[in-house]
Amino acid sequence: MASSIKKVCIIGASGKLGRYMIRHCLDRGYEVVGVCREKSVAKLDAYKDRITIIPGSTNDREVIRKAVRGCDGVLTVLVPWGVQQYSTGTAQAVLDLAPPDARMIFSCGWHITRDGKDVYTKKLLWFAAIFGRLAKLARFADLNDQVEACRRIFASNRKWTVVRGSDLEEGESQGLPVWSHHVGDPILASNLTRRIDFALFMVTALENDQLIREAPAIVGRLSASAMAHGAII
Ligand SMILES: NC(=O)c1ccc[n+]([C@@H]2O[C@H](COP(=O)([O-])OP(=O)(O)OC[C@H]3O[C@@H](n4cnc5c(N)ncnc54)[C@H](OP(=O)(O)O)[C@@H]3O)[C@@H](O)[C@H]2O)c1
């Protein structure tokens, strides 16, 4: 079947996840538009002849309006940096301005819950509580901003997927991560995914209609828990 995806916008293209997503998109023959902060444009030098780069803040609605024009898919790296509702502004701009039928894939971590049925380890709860408090105090990051961004996405009837990443590591691809509906499901216990494969899951989701309005929590397909319990997909 011919691909429904031809042109993709990557919002937050200059980060580690963003650059892996560029690679996967180019491998698939997609036309790529990347948005990144002005000061990070040089991080995309390796791709500057193969993609269109739009410098600007990812929560700037005029930047997003221009970047998503004509795109069939939008991949958004949601980050909670700063205390100016950067994530929420970014998510809202994408939800409002992406073309009506566009597939929209957003990244976040396991700490985001859609239905409150995720079961977290004490370690993760402590980390979120302590990091969250210290980061906000230092005005460095606001985890609640990512929570609010995802709340708005979950409430939307657009074609979204929120991919919830486990802890990440660098390394060669192990292939498409496996996923489950809830953190705490045994298949996810290893809590580790290669970053390149997180990006692969995001890009592959563009063409997977079964993931529309899902919030998959992912883990590396060669991790011990994935091997022990088998995959959903
Ligand atoms: N790191 C983890 O262990 C982990 C675990 C699970 C899920 N995730 C999720 O994975 C995604 C990306 O994580 P990553 O660790 O791989 O990082 P990353 O790809 O390096 O992405 C960081 C992004 O944040 C942007 N950024 C950095 N500082 C910023 C600031 N002050 N204001 C606005 N934007 C800023 C970067 O843009 P510039 O290039 O312009 O700096 C880049 O686009 C996020 O959605 C995160 O929730 C991460």
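This is a predicted model: local features need pLDDT of at least 70, side-chain atom pairs count only at pLDDT 80 or more; totals for chains, interfaces and linings use all residues.
Local features need pLDDT of at least 70 and side-chain atom pairs pLDDT 80 or more, while totals for chains, interfaces and linings use all residues. Residues are numbered from 1 along each chain as its sequence is written.

Q: Why is H2 called oblique to H3?
A: Helix H2 (residues 61-68) and helix H3 (residues 86-97) pack at about 45°, with their axes 9 Å apart. Angles under 35 degrees count as roughly parallel, over 145 as roughly antiparallel, 65 to 115 as roughly perpendicular and the rest as oblique, so H2 ends up oblique to H3.

Q: What makes up the contact of H2 with H3, by class?
A: On the H2 side sit Arg61, Ile64, Arg65 and Val68, and they meet Ala93, Val94 and Leu97 in H3 (contact: C-beta atoms, placed from the backbone, within 7 Å). That gives five nonpolar, no polar and two charged residues. Here Ala, Val, Leu, Ile, Met, Phe, Trp, Tyr, Cys and Pro count as nonpolar, Asp, Glu, Lys and Arg as charged, and the others, Gly among them, as polar.

Q: What about H3 and H5: why are they roughly parallel?
A: H3 and helix H5 (residues 143-155) pack at about 20°, with axes 7 Å apart. That angle falls in the roughly parallel class, and therefore the pair gets that label.

Q: How do you know that the length of H1 agrees with its 12 residues?
A: At 1.5 Å times one less than the number of residues, helix H1 (residues 16-27) should span 16 Å, and its end C-alpha atoms are 17 Å apart, so the two agree.

How values were computed
Axes are lines fitted to C-alpha atoms, for helices over the stretch in contact, and angles run from 0 to 180 degrees between N-to-C directions. Helices (H or I, at least four residues) and strands (E, at least two) are DSSP runs, numbered from the N terminus. Two residues are in contact if their C-beta atoms, placed from the backbone, lie within 7 Å.
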